[in-house]
Every structure is written in C-alpha cells, then in structure tokens.
Amino acid sequence: MASQQPALSILVREPDGFTVWPGPPYPPGSNPPQKLPKTACSATTFSSDGSRLLVTVASTSATVYDCSSLSVIRSFDLPGLTAAALSPTGSYLQTFQKSSSPQVKNVTVWHVDTATATALYQHYQKNLSKATWPMVQFSADESVACRMQTNEMQFFDTKDFTKGIVHKVRFPSIAAMQLASDPGSHVAGFVPEAKGVPASVQIFSCDKDAQNQVVARRSFFRCSTVQFHWNKGSTGLLIVSQADVDKTNQSYYGETKLHYLTTDRAFEGIVPLKKEGPVHDVRWSSSGSEFAVVYGFMPAKATIFNKKCNPLHELGEGPYNTIRWNPKGRFIVIAGFGNLPGDMAFWDYAEKKLVGKTKAEWSVISEWSPDGRHFMTATTAPRLQIDNGIKIFDHSGSLQFKKMFENKLYQADWKPEAPERFDDIAELTTSLSNIKIEDTKKQGQGSKSAQTSSKAPVTIGAKPAGAYRPPQSKHTAALQDKLFGGLAPTGSVSSAQPAFISFCCMPFLALCTTNQPSKWNRPEMSKTALRNKKRREKQKEKKAGEGSSADDS
C-alpha cells in the first residue's frame with residue numbers, strides 16, 4: 001500500500017506579517033484557511049527539503065520553525081542582522097551581521113538543534129552581495145560545505161565545523177563559485193575577463209585527493225558575469241555568460257551565451273541554438289537528463305536538449321522569456337512575464353503536445369507545486385505596487401483559484417517537498433478539442449457582436465460556423481500566432497481581440513503570406529489608365545470588325 005502523500009502548503013507574506021495556507025483545491029468563493037496566525041517578520045524562507053522555515057526580523061532576530069507542526073525550534077537574538085540562510089536540511093543557520101571593524105567576525109554558522117547558542121564557525125566579510133550569499137555553500141545532504149575566498153576555494157568538515165578550513169583549492173582571481181548540490185561531488189569556479197585574457201570556468205572534484213586537478217574547462221571572451229546550473233547527478237553544468245555591452249548593437253541589455261560542460265569531458269562548448277538573440281531562461285528536468293532553453297529575439301524560441309546537447313523537441317515560438325519544468329518532469333510551461341503580456345503555454349512533454357494556453361498578466365513569481373499538479377503565479381511588491389494577487393492553474397492552464405490583495409503582497413511560495421513522495425499524474429492530459437478558452441470581457445463592454453460571441457466558449461481547432469477563409473491566407477494562422485502570441489483560434493482573429501485588428505491587419509497578413517495576385521496586392525488603375533484601356537479595347541474591336549467585312553467581300 002502506498003504511503004500517505006504529504007499535504008501541500010503555501011507561504012504568504014504581507015506587510016503585517018506572514019501566514020501559511022493549506023494547498024489547493026479551495027471551495028469556490030472562499031478564502032483559504034490559515035494554518036498559522038499572522039506573524040510579523042521582514043523575510044521568510046524554507047529549507048530546500050521543506051522541513052524547516054526561517055523567519056527573520058531585520059536587525060533583530062532569526063527564528064527557525066518546524067514545518068510539520070509550525071512550532072518554534074530555536075530563536076536567535078542577532079543585533080544588526082542583515083541576512084540569514086538555512087542549510088538544505090535545516091541543520092545549520094548562517095547569518096551576516098553589520099561589523100564595525102575587521103576584528104569583529106560577522107559571518108556565523110550556527111547549529112539549529114543544539115541547546116546553547118554557540119557559534120560553530122565565524123569569519124569576517126566586508127561586503128554582502130547577492131552573488132556571494134550565502135557565503136558557505138552546502139550539498140543537498142550537507143556532507144560537503146565550502147566557501148569562496150580570495151584566490152581560493154575552502155572546504156569544511158561538516159561533522160565538525162570547529163576544525164575550520166580542512167583543505168583548499170588554489171584558484172587565482174576567482175570571482176564566483178557554485179557547488180553541485182545532488183550529489184556534492186564537484187564545484188565550479190569563474191574567473192572574469194581581464195587585460196585581454198579570456199574569461200574561464202573550471203570544474204574541480206570535491207574529493208580531497210583530486211581537488212587540485214581540473215576536471216573540465218571552458219574559456220570565452222565578452223563575459224563579465226555567469227550563472228551556473230548544475231543538473232541532478234552533478235554530471236553536467238550549464239553556464240549562461242553575460243556581457244554588459246553587446247558589441248553587435250542588437251540588444252540594449254548586453255549579450256548572453258549558453259555554454260555546456262560535462263564532468264566526463266564528453267562535451268565542452270557552446271549550446272547550438274538555432275536563433276540569434278539573448279538566452280532568456282534555462283532549466284534542467286527533474287531527472288537531469290534533459291534541459292529546456294528559451295532564447296532568441298522576440299518571438300523567442302523554446303527547445304529541449306538531451307545531455308549530449310542534441311535537440312529533442314521544439315516548443316515553438318512566441319512572446320516568451322520563462323520556462324518551468326514540473327517536478328515530475330512531465331509538464332512544461334513556457335511563459336512571457338516581466339515586460340511581456342503574460343502568455344502561457346502548457347506542454348505535455350511525455351506526449352509531445354500542447355495541452356492548453358492562457359494568460360497571467362503582470363506575474364512576478366511563477367512555480368509548479370511539489371506534486372506537479374498545480375502552477376502558481378503571483379504579482380508581488382516591490383516589483384509591482386498595485387494589483388497584487390495569486391493565481392493557481394491546473395496542469396493544462398485552467399484557472400482554479402484567484403485571490404487579489406488590497407494591501408501589498410511580498411511573497412508567495414510553495415513549501416518544498418520531495419517529488420518522489422507524490423504519486424504520478426495519471427490521465428491528466430486532455431485533447432485540444434476539449435480545451436475551451438473563455439472570453440474574460442466584462443458584460444457591457446465592447447460591441448454587441450463581441451458580447452454575443454464571448455458568451456459561448458470557443459473550441460480550439462474547430463472552425464467557426466460560416467467563417468470564410470480566402471485562398472491566399474494559407475499561412476495567415478501561423479503569422480497571427482507569432483503576432484498575437486498564439487491566442488487567436490486557427491483561421492480567424494479571436495473575438496476577444498478588437499475588431500480593428502481584423503480590419504487593419506488582414507491586408508498586411510495577405511501580403512505577407514502569398515506571392516499570388518489578390519485583391520490586396522493587385523495594383524489599382526488610375527482614371528486615365530482606365531480610359532486608355534477602354535480606348536484600346538474599342539480599337540481592337542473596330543479592327544476585328546473591319547477584318548471580318550474584308551473577308552466576306
């Protein structure tokens with residue numbers, strides 16, 4: 001008999017504090033119940049395994065909760081607290097406090113479960129940045145811990161932090177590092193470009209006997225910062241290199257490239273992307289055997305690759321800059337958030353087909369639930385100060401829950417759980433012919449024809465009754481899909497779109513999709529040309545009449 005599946009939970013943080021909701025589904029028209037009364041805080045975060053919750057109050061304290069009972073495990077009074085982070089299983093707490101002098105060590109590692117508040121390890125750090133925090137990085141099982149220091153990477157004995165640094169890896173000019181998480185077998189370091197010397201990424205083994213040997217290396221020019229993406233199994237590393245200036249002047253936001261390294265040196269090079277432009281997002285699957293990339297100038301392209309960097313499947317083009325692979329590895333969402341209109345496309349990767357499309361405008365946060373059945377988007381402050389709210393969709397893009405907040409919403413996160421603890425999703429896919437898109441226009445807006453059409457749902461793939469499709473518009477649907485993000489039904493402009501689009505764009509679409517003469521690209525004749533044409537036709541008729549009379553004579 002299968003073990004009982006864990007319950008889903010959502011953490012919600014507002015200006016007056018945070019609370020925890022039970023996961024969906026929720027009764028229609030009701031607010032989710034609160035599992036914990038609102039508690040004042042300045043920041044909250046779960047441990048990677050979801051067993052513990054860290055709640056901090058700026059410049060004051062850090063409190064660790066047990067997520068199963070939502071009870072306090074330990075509270076730390078930390079004057080001048082600036083940042084705090086939990087280790088993956090919540091055994092260790094790492095804090096950064098303001099320091100007045102180098103003699104005062106301000107980075108501390110604490111053991112959460114000890115009875116006394118005794119620091120396990122301390123060191124001084126002058127500055128705090130997003131790229132270097134947390135200072136000490138842990139593997140998923142907390143068997144490996146290391147940190148970056150000037151010109152070297154330093155390793156700890158996680159069973160006894162009081163030993164301090166137990167061994168080092170010399171790495172001159174290192175600017176960033178990333179420890180592989182599952183397992184913690186390798187670590188990658190980055191050296192930026194300087195004085196004509198190209199930037200480089202090097203991978204080292206975490207084995208003490210082989211730490212000074214480079215496992216893999218990649219050098220490249222035009223790079224100032226990088227993002228590391230290790231796969232599950234720690235056998236492959238994706239590197240997004242970022243240059244602040246695009247020397248080709250094609251992008252205001254600089255230039256990005258995607259590189260790929262394997263620990264067995266089977267592949268060391270750039271990922272072969274089929275379209276020019278920036279790399280918007282990249283994600284590994286839960287198995288670590290495939291990765292998905294959204295890239296290129298708009299409309300962006302989405303492609304799935306295997307571990308050998310060979311393309312497996314194309315997810316099409318559209319106004320997208322985000323990709324989310326569900327924890328079970330079956331469903332994929334590609335979306336356009338930020339300055340894009342919020343289009344979302346839901347794919348069943350197992351069946352290699354599109355299962356639904358929808359929109360979530362102004363979304364800042366987006367993530368799958370741990371069981372892979374729900375997809376949550378949220379509009380949060382300070383990115384957006386108005387229209388803050390949460391939306392939850394099912395695996396095919398159908399909206400299941402929506403809640404708007406009168407005050408600001410700062411955070412909305414699923415409580416992490418191991419995907420293996422949930423059953424596989426069975427028979428969740430739906431034929432496209434059964435997926436309906438409902439017009440969201442309010443009653444009383446738009447023309448009567450638009451209101452009439454919005455009352456009835458439109459079925460994807462079915463032609464509207466009586467719709468005429470001219471022969472020259474063979475490829476019009478494909479072009480509409482690129483222009484409007486794929487929301488228009490095949491063969492016609494959606495009723496949810498303004499009527500002027502149909503009127504103004506159809507001539508343009510016809511010109512773009514056919515080389516044959518049509519009523520849109522046929523040149524119009526002037527009045528003089530028409531008179532000359534009639535005159536020539538009369539002359540031809542007159543000559544033909546004279547010729548026939550001569551033959552008779």
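Which backbone oxygen lies 2.5 Å from a polar atom of the side chain of T19?

1. **Overall composition.** The protein in this predicted model contains four helices and 38 strands. Of its 553 residues, 45% are buried. The accessible surface amounts to about 29300 Å², and carbon and sulfur atoms account for 51% of that surface.

2. **Contacts along the chain.** Consider contacts between residues at least 6 apart in sequence. Among these, 42% join residues that are at least 24 apart.

3. **The setting of T19.** Residue T19 belongs to strand β2, which spans residues 17–22. Its relative accessible area is 1%; because residues under 20% count as buried, T19 is buried.

4. **The polar neighbour of T19.** The opening question can now be answered: the oxygen is that of the backbone of L36, 2.5 Å from a polar atom of the T19 side chain. When neighbours within four places in sequence are set aside, T19 is in contact with I10, L11 and V12, with Q34, and with L36, P37 and K38.

5. **The sheet that contains β2.** Strand β2 takes part in an open sheet of four strands, in the order β3-β2-β1-β36, and the pairing is antiparallel. The edges are held by β3 (36–39) and β36 (411–414); each has a single partner strand, so one side of each has no neighbour in the sheet. On average, neighbouring strands of this sheet are turned by 20° against each other, direction ignored.

6. **The pairing of β2 with β3.** These two strands, β2 and β3, pair in the antiparallel sense over two bridges. F18 has T39 in β3 as its bridge partner.

7. **A further open sheet.** Four strands also form an open sheet in the order β4-β5-β6-β7, again with antiparallel pairing. Why does one side of β4 and of β7 lack a neighbour in the sheet? Strands β4 (43–46) and β7 (71–77) stand at the edges with a single partner strand each, and therefore one side of each is left without a neighbour. The twist from one strand to the next averages 20°.

8. **The pairing of β6 with β7.** Strand β6, residues 61–66, pairs with β7 in the antiparallel sense over six bridges. Within these strands, the reader may locate T63, which stands opposite S75 in β7.

Technical notes:
Residues numbered from 1 in each chain as written. Predicted model: local features only at pLDDT ≥ 70, side-chain atom pairs only at ≥ 80, totals over all residues. Heavy atoms only, no water. Buried < 20%, exposed > 50% of the residue type's maximum accessible area, 1.4 Å probe, protein only. Contact = heavy atoms within 4.5 Å. Areas by Shrake-Rupley, 256 points an atom, 1.4 Å probe, with all protein chains shown as cover. Polar contact = N/O pair within 3.5 Å; in protein donor to acceptor, adjacent residues only side chain to side chain. Pairing = 2+ DSSP bridges. Axes fitted to C-alpha atoms, helices over the stretch in contact; angles between N-to-C directions.
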